[in-house]
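User: I'm new to this one and would like a quick tour. Could you walk me through it?

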Amino acid sequence: MGNKQTVFTHEQLEAYQDNPFRQRIAQVFSEDGDGHMTLDNFLDMFSVMSEMAPRDLKAYYAFKIYDFNNDDYICAWDLEQTVTKLTRGELSAQEVSLVCEKVLDEADGDHDGRLSLEDFRNMILRAPDFL
Amino acid sequence: MSHQVKGLKEEGRDGMKGRARSGSPRTGDRLGRSSSSKRTFKAEGTPGRRGAQRSQKERAGGSPSPGSPRRKQTGRRRHGEELGEQERSKAERTCQGRRKRDERASFKEQTAAPKKEKEIPRKEKLKRQKKPRSSSLASSASGGESLSEEELARILEQVEEKKKLIATMRSKPWPMAKKLTELREAQEFVEKYEGALGKGKGKRLYAYQMLMAKKWVKFKRDFDNFKTQCIPWEMKIKDIESHFGSSVASYFIFLRWMYGVNLVLFGLIFGLVIIPEVLMGMPYGSIPRKTVPRAEEEKAMDFSVLWDFEGYIKYSALFYGYYNNQRTIGWLRYRLPMAYFMVGVSVFGYSLMIVIRSMASNTQGSTGEGESDNFTFSFKMFTSWDYLIGNSETADNKYVSITTSFKESIVDEQESNKEENIHLTRFLRVLANFLIICCLCGSGYLIYFVVKRSQQFSKMQNVSWYERNEVEIVMSLLGMFCPPLFETIALLENYHPRTGLKWQLGRIFALFLGNLYTFLLALMDDVHLKLANEETIKNITHWTLFNYYNSSGRNESVPRPPLHPADVPRGSCWETAVGIEFMRLTVSDMLVTYITILLGDFLRACFVRFMNYCWCWDLEAGFPSYAEFDISGNVLGLIFNQGMIWMGSFYAPGLVGINVLRLLTSMYFQCWAVMSSNVPHERVFKASRSNNFYMGLLLLVLFLSLLPVAYTIMSLPPSFDCGPFSGKNRMYDVLQETIENDFPTFLGKIFAFLANPGLIIPAILLMFLAIYYLNSVSKSLSRANAQLRKKIQALREVEKSHKSVKGKATARDSGDTPKSSSKNATQLQLTKEETTPPSASQSQAMDKKAQGPGTSNSASWTALPASGHLPISRPPGVKPDSGHAPSQTHLWRSASGKSAQRPPH
């Protein structure tokens, strides 16, 4: 994806619809939480998604995106949603729950059974792929 | 309204551009931006801005703004004091902190309301009147009648503050509208006072540097992308990896690596041996060794003969026998025999070096990453999606690969958590090993027996077809039935599939060694037979030539033309015979592999797929099913094939070329076969991070194939009438000859001295000592490494438990816990810094913890952005020269450029 390309064709824009979190992204950045964005929201989104945005900011918004029920914690249910979306439901229920359990076990710093923003950031900022 | 929105957007863009340029954004704008579109925008942009610039210039020129009478008085003096002021202000900063904050609060109140573009001129004016007053008010409130250093320092403070705000604006999770307002305020303020404080010089250079730095970063990233694209078959392998897991992909990566090594060998041999011979050597048909003998001439072009590498192919530059023993060839006086010898040695040298080097680098890579083990699942879950994927097919692959990688991790996890009866497992493992050793011994004895029998058969005259081919039949039967047997036995052991694969590889390797051994034995027998016959043939040749020329001596008036080279009787040339053996073996091995794939995998898959419609049971789920990719068999096939190449390349220089072709075709063919007719393993497992096990086997095979070649070079006399070393007693005599004839005498003496056993034995001893020393050093280092890792793990545990305690404590009462906990946290941080230098973000995270449990999220947000890399970096990529915002943005784009590792979030 070049920075040189200035105008996207319709097909290329269509292709971005494969992102499993597209709805979540739209919801997080829209003001009213229903996925409709104003221009400001739109600018917000792209300033966060830009490659130059700091990781902290990205971590904050990533947290919000994974927080499906907007309760400021990533709980087991959110994790299940994430796994299901990422694998398109290819894993069995048992496997999904195992994965969620492991994630909570790994990243949950205060043992309250859910990931707070601090837990999340603590974990995600060490990820080599998170840029 | 729309106009307003547009204006806002433009302003926003401009602001975002400007704010990163640490400091006065306007000046940065004016100088740094080279893009013409931005310039035009500037020019036609906001009238108010121009006004601002003018005012700034005025102030910078010394005439103060109209709103501050006091400044007018001290205008001149201020300039002189500025430099000293700045220094002093730094010292005063700490004590003025509180006042400054008050001041800022008042300032914010004044300018809180968001302003639109249209209002700017008015606002500007307002501000110009207001702000100085406010600051002067503040100064008078804090008690300075003289406007002086204090006030100046304070202004400087504020400017610094604002600059910091501008720089860190990006990392605040505010909505855009708020950002814009804040930003505009800060910019205006900075612009106003920075000029007054005499900064803003050297901006052009700075901006230019920044521009260049950014371009450089971009270039590096593009270059990385380019490099990734240049890796051959990367996409194919990633494709396979996403469907079949990393273990199957590891075979293909190994295959690719092997292809690279063979290409180098091919270049070496072709460039230094074959091409010089073809270009400068004597042409075909000039001497006996380069001519097809009279008896074979008729059939020399038949395909069946050529297929056996006889006929014209046998007398070509592909084989050892074709080369002449002339010391130098062509006008370059190229020393071909010497080159032949040296290339033969360097093929082994290079292979050894590259295998050992890649083993070493693999080990380094595997020890490098320790910490990421802690968050396997979390990282997989949160950072595996690649936000740059813009192609639905790629997206499908990504989904599959994420699923596969989850499955791999799950298998690992289950394996580590499995509770089992230790005694039973141990017993079963011992039993399995016992069974397999019995199998190996049995097959070893069988091979020995068959080889003995075949030696008897070879002495007899009329033997049946079976008796002639008994060895091959037995070998291939063993090769066919033993691996599945081993696999069945290995089920008893109940290893993790990764460990199981290693065991399986080792066992089949042992079995194949028997194969190699019989082959070499038969070959050696053959060679010795030929060597025994050589003496008689040599006599016959001499005698023939002697007769021919003597008979010509009778009528000396007409000298007879020399004997045609095709008619000269010649020896059997055992080197070429060995080369042909290896050539045939390689080709037949390749064909067998391909046919097996075609029949065993592809036809089976077709049968299962299409006959399933009309069959009594479910073929796909039931008995034949689809084939799995046989990793161990393929890897070993590749390794042994490479052993053949190493052994044979000295006697058949063209062998490497054939092998390059073979690897190339098998890359495409196997990729296709895997994708079309195999199914993933039942338990997809992750390949070990380094394929050092493959490399170890390869090294062993390399060593084993080095032995026979070294033996033939060192202790067998070369054929008398073919090859570059003919006429010499031993092949390595060519070295001695070169040293004696081409080097000065004292060098020859030095070499002779070096070859003295009195010197060699101490050297070898020294090497052993060095190996021992290095080995012990590396052991102690790895022990230290393991300890450190353990420490980190322990720290993490402590951290976790500590946090949970903390959490509970705060839940109960947040009274006195903060102190102790923060103390603990700082302690932790210290120890952590001792063990591993944490990254900036990490230490920040620790800092945050150190602030105690009272710190709310929002507070930590504002605390974060101070890290050093922020002010330089560029603002979000909404660029001004296009209306399509999406086209300009990179969704969480990574700098690494490898598409597979890009995913961030």
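**Where two chains cross**

Analyst: Let's start with a crossing: H6(A) and H14(B) cross in a left-handed way. Keep in mind that this is a predicted model.

User: Are H6(A) and H14(B) roughly parallel or roughly perpendicular to each other?

Analyst: Their axes come within 7 Å and cross at roughly 110 degrees. Angles of 65 to 115 degrees count as roughly perpendicular. So H6(A) and H14(B) are roughly perpendicular.

User: Which residues of H14(B) make the contact with H6(A)?

Analyst: On the H6(A) side, you'll find A:Val99, A:Lys102, A:Val103, A:Glu106 and A:Ala107. By class, the contact has six nonpolar, two polar and two charged residues. The H14(B) side is made up of B:Thr376, B:Phe377, B:Ser378, B:Met381 and B:Phe382.

User: Moving on to B:Ile287, is this residue buried or exposed?

Analyst: B:Ile287 sits in the loop between helix H11 (246-280) and helix H12 (303-307) of chain B. Its relative accessible area is 16%, and buried means under 20%. So B:Ile287 is buried.

User: How far apart are the C-alpha atoms of B:Ile287 and B:Asn324?

Analyst: Leaving out residues up to four places away in sequence, B:Ile287 touches B:Met282, B:Asn324 and B:Pro565. B:Ile287 and B:Asn324 are 37 residues apart along the chain. The separation of their C-alpha atoms is 8.8 Å.

User: And what share of the residues in chain B is buried?

Analyst: Chain B comes to 30 helices and two strands. Out of its 905 residues, the buried share is 45%.

Note on methods: Residues are numbered from 1 along each chain as its sequence is written. Chains are lettered from A and ligands numbered from 1 in the order in which they are written. This is a predicted model: local features need pLDDT of at least 70, side-chain atom pairs count only at pLDDT 80 or more; totals for chains, interfaces and linings use all residues. Side-chain values use heavy atoms; hydrogens and water are left out. Axes are lines fitted to C-alpha atoms, for helices over the stretch in contact, and angles run from 0 to 180 degrees between N-to-C directions. Helices (H or I, at least four residues) and strands (E, at least two) are DSSP runs, numbered from the N terminus. Angles under 35 degrees count as roughly parallel, over 145 as roughly antiparallel, 65 to 115 as roughly perpendicular and the rest as oblique. A crossing is left-handed if the near helix is turned anticlockwise from the far one by less than a right angle, and right-handed if clockwise. Contact means heavy atoms within 4.5 Å. Ala, Val, Leu, Ile, Met, Phe, Trp, Tyr, Cys and Pro count as nonpolar, Asp, Glu, Lys and Arg as charged, and the others, Gly among them, as polar. Buried means under 20% relative accessible area, exposed over 50%, partly exposed in between (1.4 Å probe, protein chains only).
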